[in-house]
Amino acid sequence: MELIKAKRLKKGDLIGFISPASSPNDLTRVEKGVKYFESMGYRVEVGKNVGKYYGYLAGTDEERVGDLHYMFGKKEVRAIICLRGGYGTPRIVRFLDYKLIRENPKILVGYSDITTLQTAILSRAKLVTFAGPMVAVDFWDTPVNPYTEEYFWRVLTSNKKIGKVKLPNDDYKMEFHGTKNAEGRIVGGNLTHFAVLLGSKYFPKMKNNILLLEDVDESPYRIDRYFTELFNCGVFKEVKGLILGQFTDCEEKDPEKRTLNLAEAMHDYLKVLKIPVIKNFPHGHVKENITFPFGTEVKMNMKKGFVEFMENGVE
């Protein structure tokens, strides 16, 4: 089945806000996010269950699924932006109506826990979704980071090829390991929540893809564990290349605890890979956060030192 792309955003379009995982601790961030998007010329509808709490979840599974289905089913809604990540989307992927999603393609944006939702939608509905900033994390406090803001609006409002990734500043450097270029469809996202789907029918076919991974606030032994899972399932034998985003606060917090550091924990895996690896890609739990479309063709140019998205993310 061919991949499906939503239509690009235009001024005046209606954007839906939902919380498919956890709820913002400070709900005034939702109000501030609404004001930001309205100031940019868009209309906003907040999901009716936004602001609810069910332990660490933003309402029950039924409530969170209800908001998602409502936004996909409402014709006027052109984009759906998640308020935050946290935890919760692994619980709801089995309840989703993928036929509804496939037949009503919308822009869907988020990262972190939203990775599980995006991976399942790519696998089951073949819809291109977007790794990118979220309302109550990145758009509530103005001014919005200019790099994050520029990429977000450019990728979602233009149907032109995204092209080479522009870095946040002249001092920002990515690391390139290997000399052979690689090209394939980009999948992945947050390491923890991507690994959650391993072995399920919601995990995508990995052959000839480019895998991107990032994470936050995980101890090195936990990063070690997830890399082990991916290795044991043969993921790294199938993909053409690996792009590592930001691994924020992923060091052991207890100074008395015996540990490998993050670089050491990753080294044992990366040293045996026979595919090109790029480190320090500008995506993850950071202020300067690129928006990009999952499922689209990306090129790792190892000889000239850049990453290039070979197509548009929206029609």
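Modeller: The largest pocket holds about 540 Å³ of space; the model it was computed from is a predicted one. Its lining is made up of 23 residues, and those nearest the centre are Arg29, Tyr111, Ala136, Val137 and Asp138. By class, the lining splits into 10 nonpolar, 7 polar and 6 charged residues. The element that gives the most to this lining is helix H6, residues 135-138, with 3 residues.

From H6 the chain leads on to an aromatic contact. The whole structure has 20 aromatic pairs. In one of them, Phe37 and Phe139, the ring centres are 5.1 Å apart and the planes meet at 75°; an angle over 60 degrees counts as edge-to-face, so this pair is edge-to-face. Phe37 belongs to helix H1 (residues 28-39), while Phe139 is in the loop between H6 and helix H7 (146-157), so the contact ties together parts that are 102 residues apart in sequence. Phe37 has a relative accessible area of 0% and is therefore buried. Phe139 is also at 0% relative accessibility, so it counts as buried. Both rings belong to a cluster linked by ring pairs, whose members are Phe17, Tyr36, Phe37, Tyr42, Phe139, Phe152 and Trp153.

Rings also take part in contacts with charged side chains. The charged end of Arg154 sits over the ring of Tyr151, 4.7 Å from the ring centre. Lys164 lies over the face of Phe306, and here the distance to the ring centre is 4.3 Å.

That last contact leads to the sheet. Strands of a sheet pair through backbone hydrogen bonds, in either a parallel or an antiparallel sense. Here 8 strands form an open sheet with mixed pairing, in the order E6-E14-E13-E8-E9-E10-E11-E7. Strand E6 (163-164) and strand E7 (175-177) are at the edges with a single partner strand each, so one side of each has no neighbour in the sheet. Strand E14 covers residues 306-309 and pairs with strand E13, residues 297-301, in the antiparallel sense over 4 bridges. Phe306 in E14 is the bridge partner of Asn301.

Note on methods:
Residues numbered from 1 in each chain as written. Predicted model: local features only at pLDDT ≥ 70, side-chain atom pairs only at ≥ 80, totals over all residues. Heavy atoms only, no water. 1 Å grid on protein atoms, 1.4 Å probe; cavity = no way out; pocket = protein on both sides within 12 Å on 5 of 7 lines; lining within 4 Å. Points joined across faces, edges and corners; volume = space filled by probe spheres on them. Helix = DSSP H or I, 4+ residues; strand = E, 2+ residues; numbered from the N terminus. Nonpolar A, V, L, I, M, F, W, Y, C, P; charged D, E, K, R; others polar. Phe/Tyr/Trp six-rings, centres within 6.5 Å; stacked < 30°, edge-to-face > 60°. Buried < 20%, exposed > 50% of the residue type's maximum accessible area, 1.4 Å probe, protein only. Lys NZ or Arg CZ within 6 Å of the ring centre and 35° of its normal. Pairing = 2+ DSSP bridges.
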